[in-house]
Amino acid sequence: MDSSKHSFRFGLSELLLIVFVLFSGVMLAFHSGGFVISVQKVGFTVLSSLQKGVNAVTSGVGETVNAVHELARLREENRELIERLKNYEILQRTNSEIRKENERLKEQLDFSVQFQEKNYPAKIIGRNPDSLYSAFTINKGSRHGIRKNMPVLAVQGGIVGLVGKVVTVGAGTSLVMPIYDSKCTVSARIQNTRDIGLVTGDGSADAPLSMSYIKKRVLDELNYGDLIVTSGDGGNYMSDIPIGAISEIKVLDYDSSLSIKVMPIIDFSRIENVIVSDLREVNPLLTSEQAQKN
């Protein structure tokens, strides 16, 4: 039994035919320009895509660099603004302090003009290191006219009050003993009853002063807050200078006098400037009319 197999094989003639057909198609495409155009389109598409990518990368890098520069600039501006703000706040505080100092000095000058006695405005420049408020040094001394035992006053809140007296005098500075010193004694008067006693310190600026020798018979006439002023007796202080106000009244069975506590009118923890008075000389700032009234 014969069996035959049919197989499809490319012969030389068929291969040549296929090559000819392909060659003819390519030539026809070149001739018509379609292939060139296709290649150009493909090339343009590839190149434009590459350009777009490069441009995107370049733009991103440029924007990042610009952003870094802008951030650095903003930080520098912010630093400068903060510095200006600090300088402005310092300037404001300084101006405020200058205004307050000018107000204090004006207040002091206004009162010093009103005194009948010659006076010397002075500034506290030091305090006793052994006891912060037991004594303090002022910037006026003998060459300015200061003498021992001169009374020392101060102005706070528009009120004149007794501070103490000069106990030591140098050429350019003096030492002042305040009224709360335990060694200081002032002849004083209750302003409303005009009774006279002695005011002494308890040794502390925070503690009230003590007033003695006020008879029990005036108890009903006294009130808390009554003003205590200098009596002017003895010639050590001028009269009617406020010392403080009554803060406590006690009746002691064994004593014929009342035990009275007086809160100083001057806040010694805030005192900066004082006025030293010369009881021997008339204030040259007073007019003749004012001197006659006083």
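Is E281 buried, exposed or partly exposed? E281 is partly exposed, at a relative accessible area of 38%. Here buried means under 20% relative accessible area, exposed over 50%, and partly exposed in between (1.4 Å probe, protein chains only).

## Basis

This is a predicted model: local features need pLDDT of at least 70, side-chain atom pairs count only at pLDDT 80 or more, and totals for chains, interfaces and linings use all residues. Residues are numbered from 1 along each chain as its sequence is written, and side-chain values use heavy atoms, with hydrogens and water left out.

## Salt bridges

Side chains of opposite charge can pair when their charged atoms come close. The structure holds nine salt bridges. Each is a side-chain nitrogen of Lys or Arg within 4 Å of a carboxyl oxygen of Asp or Glu.

## K118 and E281

E281 pairs with K118 in one of these bridges, with 3.7 Å between the closest N and O atoms. The two residues link distant parts of the chain, 163 residues apart. K118 sits in strand β1 (residues 117-127), and E281 in strand β12 (residues 273-282). Strands (E, at least two residues) are DSSP runs, numbered from the N terminus. K118 is partly exposed, at 23% relative accessibility.

## D240 and R194

D240 and R194 form a salt bridge at 3.4 Å, N to O. This pair also joins distant parts of the chain, 46 residues apart. D240 lies in the loop between β9 and β10, R194 in the loop between β6 and β7. D240 is partly exposed at 40%, and R194 is partly exposed at 38%.

## E248 and K250

E248 bridges to K250, the closest N and O atoms lying 3.5 Å apart. E248 is partly exposed at 29% relative accessibility. K250 is partly exposed at 44%.

Conventions. Helix = DSSP H or I, 4+ residues; strand = E, 2+ residues; numbered from the N terminus.
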